[in-house]
Amino acid sequence: MTITLVFLALLMGVVVWWLVKQTINITPWVADAATESVREEGVRSPFTTKPLSNKKLALGVFLAVATSLFALFISAYSMRMEYPDWRPLTEPSLLWMNTGILVLSSVFLQWAWNGAKRGELQTVWRGVAVGGAFSIAFIVGQMAAWDQLASSGFFSMGNPANGFFYLLTGVHALHLIGGLIALSRTVSRLWRHEDMESIELGVELCAVYWHYLLVIWLILFGLLLTT
Amino acid sequence: MSETTAHDAVDFAPPSELEEMELYHAKTWIGKYVWSQDAKVIAIQYGITAIGIGLVALVLSVIMRLQLGFPHSFSFIDPSNYLQFVTMHGMIMVVYLLTALFLGGFGNYLIPLMVGARDMVFPYLNMISYWVYLAAVLILVASFFVPGGATGAGWTLYPPQAISPGTPGVGGGIILMLLSLAVFIVGFTMGGLNYVVTVLQARTRGMSLMRLPLTVWGIFIATILALLAFPALLVSAIMMLLDLLIGTSFFMPAMVSLGEQTAYDGGTPLLFQHLFWFFGHPEVYIVALPAFGIVSDLLSTHARKAIFGYRMMVWAIVAIGGLSFIVWAHHMYVSGMNPYFGFFFATTTLIIAVPTALKVYNWVLTLWRGNIRLNVPMLFAIGFVFTFINGGLTGLFLGNVTVDLPLSDTYFVIAHFHMVMAVSPVLVIFGAIYHWYPKITGRMFDEGLGKIHFWMTFLGTYAIYYPMHYLGLEGLPRRYFAYGDTAFMSESSQDLNAAISIAAIIVALAQLFFLYNMVVSLWRGKKADDNPWEATTLEWQTADTPPKHGNFGPELPAVYRWAYDYGVPGAADDYIPQNVPPKDVKKA
């Protein structure tokens, strides 16, 4: 549980710090300070000082929720690990290749995003298509890894690590599939030649989400390898 | 400088930085009222679904009380389905009624109106979130009808019993329960994104965070709690499903079940308890914080007086929200966990009582020397203060480890949590529905029926839960179908159980006054003004009542003051709405 608590403490620290910054110096009862105190105080982008787009903020909140979910799974994993019947699992070497594929899909989506920022539609198309294809390859690779593990007899639940392997990789893959659904909506925007701004936003959100899932995968993979 | 001394009124509202959002206006009746993207319609959909399933749970509780008050008098109640009723009553009330109604119902209706927005920031996602919630409710109801019936594991669903033979509903019932919870969590994540982003980014010009009514603060912080706490329930639900369906041993120890050694080994039920209560404790604050926020606004409006200590109230809500994540194991003192944990969690539990008590003092101080109008919403709001103090005080007993040891799993616990969760927030729900009824429907309800409803409910719930504490002190255990002859329980406890059951039936029947009033007033109620309570907040300053899609007419309001300018010295009226600039205030 410590992992989850540390994450939550950090998150709440950020939330409370932001709230304090927005509200603590406000002294509306002082006559001249009153005008200064009225600001919209929405969340602003740390890079430009314009108000953050709603969809970006929503993705940020969603990533906090997903992090809470993964932190809890990792906490449960760590707590279960303490028990005497824990046997470390040898992961299929396929997972290394899958990791590489996931890195590549992140790279291509970042490339697509950079292209969108420069307004190059061709780049965006290529990046999104290849990135999407690699993501599908990752999921197929994960299913193959499951298959490999199951056929070498590890489906029997004698070892708790087995259960966690399927659980952690499964939840990660489900999130990636959700991302692919979002990516398909961006593709449909590209297809319908919608304006560059909304395409750029769509690609940006997908790229950020992909990088997030890559980081989560690296953490999960590292956890599975070392325990 | 104006001559009225108001809290933070300025003649200045900053210009808008963002374009107004474009709403999708449906053309067909189905598009407007069924597949609606209007947050107000979605709110009513949530409200009706939640109250509907809540009435089912109310009936279940009456059946339980029949068994407890008059044991073995009803052949249709047996030990197995009794536990099913206990479980479903609890789960429906906590999750599918209270959470859904406060966040999905009141949140959807009040947040856009109170922050001065035309709608939620993601209306399509909002619409989907309701239908996902409805799907979750239907899956839960389906669990009654599968072979084996609904699960009887208790709303806390503790393994190993929850998924072991011998517990009712161990087939389809528990699977559908867990599936329904997972679907609910997905739906509420969608809704939660809407509420958080709308409060942060869609406030109108001049509506700073510290000018928000406490209703919005309560729902906002509760939503953040929900977004962070529900994953814990999802994790435990998924792991329990895997234990049941593919034989993993996350929670299942090596054990003998019905005479046979099971294939499980090495799991621990304690892990489930930690995960479940990590969700479960913030969950009760997800229910309580919106109630705190709403009751502050009800008290303030109907006492014609600013809420006492607004900033402290905001920070108390934030503090309670944060602290709620580090008190969970006070539900686990008797679980066999490390006793030093108990020491830590008892300390944090007593700490969280401090901001909560602060709020109680401020509510009382708001009433002090107020110009109190004892109308129906105010009666319910004051009723909340009484019952919450009662329920909160018994929480102090249970929060201490040594006192909790004999009281755990007795009726003392049941009396405590019903007082703080079933009575107090439900009184707020009633008060809130009566309060906003004129705005939502354009009609006034019948005041007389409302008062009858209040007194029967308020006095009746005291009659139910106050004596129940004594049953707990005597040691009467919870979740028991019948008590038989036991030496430590006096004979009078059975009489007390019967009396409580009679009170429960009367209170349940009294809700018919409420339902009748709400439905009939839609046609027979007097037409309401835009602002019958003379309140300051933005939802009362709309162009139409009920507000049309888009809420505020062609131009969004600009806000020039906080939400509590009641009784401002120098002003002609005893209230100044938020969107009235100082230069337009009528002087006395």
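A residue counts as buried here if 20 or more other C-beta atoms, placed from the backbone, lie within 10 Å of its own. Keep that in mind as you click around this predicted model, where local features need pLDDT of at least 70, side-chain atom pairs count only at pLDDT 80 or more, and totals for chains, interfaces and linings use all residues. Residues are numbered from 1 along each chain as its sequence is written, while chains are lettered from A and ligands numbered from 1 in the order in which they are written.

**Stop one: chain B.** The mean is 94, with 99% of residues at 70 or more. Buried residues make up 54% of the chain's 588.

**Stop two: its fold.** Switch to cartoon: chain B has 14 helices and two strands, taken as DSSP runs (helices H or I, at least four residues; strands E, at least two) and numbered from the N terminus. Its C-alpha trace spans about 80 × 50 × 50 Å along the principal axes.

**Stop three: where chain B meets chain A.** Now show both chains. Here 43 residues of chain B are in contact with 40 of chain A, contact meaning C-beta atoms, placed from the backbone, within 7 Å. On the chain B side, select α5 (172–201), α6 (214–245), α7 (269–303) and α8 (310–323), the elements that give two or more residues each. Which of them gives the most? That's α6(B), with eight residues.

**Last stop: the whole complex.** Zoom out; the predictor gives it an ipTM of 0.91 and a pTM of 0.95.

Key: Two residues are in contact if their C-beta atoms, placed from the backbone, lie within 7 Å. pLDDT is the predictor's confidence in each residue, from 0 to 100. A residue is buried if 20 or more other C-beta atoms lie within 10 Å of its own, exposed if 12 or fewer, and partly exposed in between; C-beta atoms are placed from the backbone.
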